[in-house]
Each structure stands twice: as structure tokens, then as C-alpha cells.
Amino acid sequence: MTGGKGGGRISLDDFRHVALAETVSTNSECLARAREGDPGNLWITAGRQTGGRGRRGRAWFSEPGNLYASLLLIDPAPIARLHSLPLAVAVAAHRAIRMVMPPAAAPVEIKWPNDILIDGKKACGILLEGEELADGRRALVIGFGVNVGVAPEGALYPATSLRREGASASPEELFAHLFLAVAEMLALWDRGTGIGKIVELWRSAARGIGETITVNLPDRSLSGRFVGIDHDGRLLLDTGAGTQQAIAAGDVFFG
């Protein structure tokens, strides 16, 4: 696996893990350590978050019993290639969750760009945050929130937990699988040069390709047929106007 500006090879042994009982946010903890000079490849997990957050600043349900984990990377790829990283980590989370589900469990699928669904309900969300550091390095944090034991009620999108869907794994057991799967997918992604392989894996696990979906954007909603994704990770929507629209960010709803 390549890493850092120097492009040197790193292995599983190069990843460190700090387990906290409680923190405001594992993402915030990673960013704070980056500002203090941490070299990266650092996992932070917490039993509970007091200020967890999701995309667009939404609050993230963070009670005990679930997995809250963030990975700090420093200069993981040229900025022009970072757009494909969310796809790689979504494939990793999908693999890790499938590893702990019983054989007869409902389908585990990826909802664009990187939510993980079980039986069509959200079980995992992923938040990526980046920051330019004072010393010129770029910190990128990948935060995973997985409903292992409990799921929120009244969420924007129907939610479930791994326990509710038949899994008996603890947050610690799931993290062991995630630790390995993320390392494998980062190696395959290879600082963005392996995006073709990642897109293929993502498509094979995706929910709703070929179906009619609605995408909520900040200023409007669009409906059409979900064609797939391009090599930049953008959602391709056929709205019936004869051309496909590429969407970089939005909330997807099926049906």
C-alpha cells in the first residue's frame, strides 16, 4: 500500500489504534491530533460520542453499543484523485459488515455515495473531512458510524442495526474486520490510481442501479433513472431529456 508524499510502502503494522471510552467526535479527535503533528494512519474509536456529526452538519446518533471509528490519513493522494476515496471506503465498510452478518441475512448494499444499507435501511454512514495543516500537509479523516446494537428512531432515512438484522458481533469485532478491509481497499485504491477496480467493486454492491430514484440537492430535487457512477464517483441520472446528468453530492431516495 502506498502512503504519504514519498509514496513508500506501508503495511497493516503501520496503522495505529487508540480506543477512547468517550469523545466529542472521533473525526474531531483525529483532526486535533493532525494539527499537533500526528503522522497519520491513526484509527480513533470511541464507545460514545457527545457531538457526533454526519453530512451537512447533521447530528449523528452516538449512544453506546455502536461503532464510532475514524481514520486519519496524511496526504493520502493528490487532491485531483481524492474524489474517488469515498467509493473505496464504502466498499471497505460493505465488506466488513457482510463479514459479520449471518448467511440468511437481508442484502447488504451501498447507497450512493457511501451509506451502507441492510434490507434497504441505513446501518452505516461515512463522513470524510479534510483540512490543510499549518505545516503544509493535508489531513483527511474518514469517519464511520455503524449501528451495531441500536438504531435511531425518526431519522431522515429509515435506519436499522446489525443486531436487528441478525448479527451478534460486538463493535470491537466489527472494527477488527473494518481495520483489515479499509487497509485492503486503500491498497487497491493506490492513491487514486486504482479507481477502475474500485468503481467495479462499488457497482457490484450498489443498490438501485437501473431504478427510478430521487436526488435531493441543496436547492432542488431531481428524479430519473439511476444509470450508475462515472470514474469521478459522480451519480449518473437519466432524467429523460436525452442526456445523463452527473451529480457530485446529494441525498438519494429510492422509489
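I began at the end of the helix: α1 is followed by Gly 37, whose phi is positive, near 105°. I took helices (H or I, at least four residues) and strands (E, at least two) as DSSP runs, numbered from the N terminus.

The model is predicted, so I note its limits: local features need pLDDT of at least 70, side-chain atom pairs count only at pLDDT 80 or more, and totals for chains, interfaces and linings use all residues. Residues are numbered from 1 along each chain as its sequence is written, and side-chain values use heavy atoms, without hydrogens and water.

**Helix α1**

I looked up the start of α1. There a side-chain oxygen of Ser 25 comes to within 3.2 Å of the backbone nitrogen of Asn 27.

Which residues of α1 are buried? I found Thr 26, Asn 27, Cys 30, Leu 31 and Ala 34 in the helix, which spans 26–35. Buried means under 20% relative accessible area (1.4 Å probe, protein chains only). Down the axis of α1, the buried residues fall within an arc of 140°, so they line one face of the helix. I took the arc from the directions from helix axis to C-beta atoms. Their cover includes β3 (16–23), β4 (42–49), β5 (67–74), β8 (121–132) and β9 (138–146). Contact here means heavy atoms within 4.5 Å.

**The sheet**

I traced an open sheet of five strands, antiparallel, in the order β13-β12-β11-β10-β14. Two strands pair if DSSP finds at least two bridges between them.

Ile 229 stands opposite Leu 235 in β12.

Key
Buried means under 20% relative accessible area, exposed over 50%, partly exposed in between (1.4 Å probe, protein chains only). A polar contact is a pair of N or O atoms within 3.5 Å; within protein, one must be able to donate a hydrogen and the other to accept it, and residues adjacent in sequence count only if both atoms are side-chain atoms.
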